[in-house]
Amino acid sequence: MASISARRLAKELHEIQTEGCPVGINLLQADDFAAWQFTIEVMGESLYQGEVFTLLFRFDKHYPISSPAVQFVVTDGKTSPVHPHVYSNGHICASILGNEWSPVLSVIAVCLTLQSMLASCKKKERPPDNDRYVRHAPDNPKKTQFHYDGNSP
Amino acid sequence: MSDYVPSIQDLRVKLCYICREEELFDKPEIPPRIWIHPCKCALVAHEACLLKWIQTAQATSAEAGERAMTCPQCRTPYEIESRNPRLLRILSWCSRQLPTLGRVCLWTGFAGFLVSMQAGIYVLLTGYGAHAIQQFFGQEMYDFVLTDDPSNWPIMAYIQLPLIPISLVVSRYAHVSPIMPTIIACFSLMPRGIFALIHHNNYANNIRIESSLWPPSPYAFACVILPTTNAIYRACFARLSYKILGTRDPTEYEDNLRFVFNADDEQRDQEGERPPAPAEEQAVEPNLPAVVPAPPANGDAVGQQLADITIEIKSPSRIGRRIGGALLLPTIANRMGSLLLMLSKHSLYMRKFLGVRPPWQSQVPFPVAWLKTNAQGKPVVPWGLVLRAFWGGVSPWAELDPVWWRNSIGFGIFIVAKDCMKLLYRWLVKREKETRRVKDRPFSEVDVSNLDLIKAGDGQA
């Protein structure tokens, strides 16, 4: 009997494959229940018009009790969006990936949240502590203790 | 039917919002799992999944735990019932205090460590003090005044004993004879002896003054004999060394302590020579061999004047040796005293001088006292006896084998021998320097044509 994590991910994957992804989000690769990749772009008017980013999801065996590790792919010529909450190494400072994660959320729900985060961006800039963070950042963004500041997206 | 409220049992399809497993009402799982609807919205879940989620979130952080206790969709707080007796609440309160407790423990532990370290030092010093007493005053006196059981010690001993090593070391740096502090410390141990006297005097009314006039009591020794002898000896030895070396005894300089550390301590030590004061330099110079030309002597003089400035520099190693030497004093005294005792077996006069007595074997308590009662039964103070007691000592001193006396004599001999050795060494070093000659060689292996030699005709030009 597969683990809870695998069964839930199988269900989510089944839903994606049958119902399709929301607009602007496409499944790139989901060969196993350890790591999935999506492309994500902001539809309509935004600062990221025409830009396509790649999202990497990494799951551990406690998913969905534990949140997935989500980041933008910055290898193979891919870049992370220039955004006040996205570091140049692809790590994302978003509360729903940290202390506001809930099992009610899903992979697609995370994609949609991040899409709206990009869409609502007012100014393309890196986080103020980008250089320092990138220098010392761990490989897994879940190991970072982000300080989420209140209302900002 | 209008007040019909459906419950979780009435759902056709139940979907756990956590594990996303479905269960159809007509296909119940086997074994069954408990479903719950904990909030006001449509989300349902397996109870096990929800509890696991809450538990995990609470373990992550207090904030995440609080968040997990509400519905992620409608934010209705979950209500959880559990067996949470007062005992558990008390215990969890205690558990929350653990970090504070840990900090308290750390600091008390640290403070305790400091205190116990100091206590350890105190015990060490006291132990040394007791050892010094035993060595210097002999086992008999030690057993009488102190004994091996610290619970017998008079209160003063707990103050005086640790002061013994300290005063021994300090005395190496002050113009105090090193034996003084031990004697002085011993004074303080007397209350017990005096107490014993008075105690025994109550029932043994017969007065016996056993104290002989030789050897003198430690009081007389410490207050009169030692300072006098010490002063006379220092003066005589200084004269002697001035006669032999032509300079003042450098050890007189050393007694002034200056905490300046010098790296080239060893080199200066090997030289062993203290430069003479400039005034005496003049006196020494005529004695220098005529062969040695003036310049080296002058150079020496410059060096000596420079050295004069740093004359009292002390080094860590020298300090270490001084401390070690000071602490060895009781042992050295003891060995020297034993040596004297051994030698005294062959000489009656020596035995008399050392006041050697057989081991004290009396079964009755010390009967000696200097408190006398008159005809009316009132005690009178016999001042003559007081003086006599001062010189000859009271009971324990007068009755017991005066180990301390031969130890003091022995240590005095040791000091004299040491000073003489030092003087001899300095004299030998001085003589070696004064008798230095440079050997002259002919040009036997040199090409003579290269030398600018005096030509035969030069004298006539």
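The report that follows treats the contact between two chains and then one annotated span.

The model is predicted. The contact between the two chains draws 14 residues from chain B and 16 residues from chain A, and together they bury about 1400 Å², of which 59% lies on carbon and sulfur atoms. The counts for this pair of chains are set out in the table.

| Item between chain B and chain A | Value |
|---|---|
| Salt bridges | two salt bridges |
| Polar contacts, both residues at pLDDT 80 or more | four residue pairs |

One of the two salt bridges joins the side chains of A:Glu100 and B:Arg67, with a distance of 3.5 Å from N to O. On the side of chain B that touches chain A, the elements giving two or more residues are α1 (47–60) and α2 (62–68) of chain B, and α1(B) supplies the largest share, four residues. By residue class, that side of chain B divides into seven nonpolar residues, six charged residues and one polar residue.

How much of the span 104–133 of chain B is helix, and how much is strand? In the predicted model, residues 104–133 of chain B are 100% helix and 0% strand, and the C-alpha atoms at the ends of this span lie 42 Å apart.

Note on methods: Residues numbered from 1 in each chain as written. Chains lettered and ligands numbered in written order. Predicted model: local features only at pLDDT ≥ 70, side-chain atom pairs only at ≥ 80, totals over all residues. Heavy atoms only, no water. Contact = heavy atoms within 4.5 Å. Buried area = accessible area lost by both parts, 1.4 Å probe. Salt bridge = Lys/Arg side-chain N within 4 Å of Asp/Glu carboxyl O. Polar contact = N/O pair within 3.5 Å; in protein donor to acceptor, adjacent residues only side chain to side chain. Nonpolar A, V, L, I, M, F, W, Y, C, P; charged D, E, K, R; others polar.
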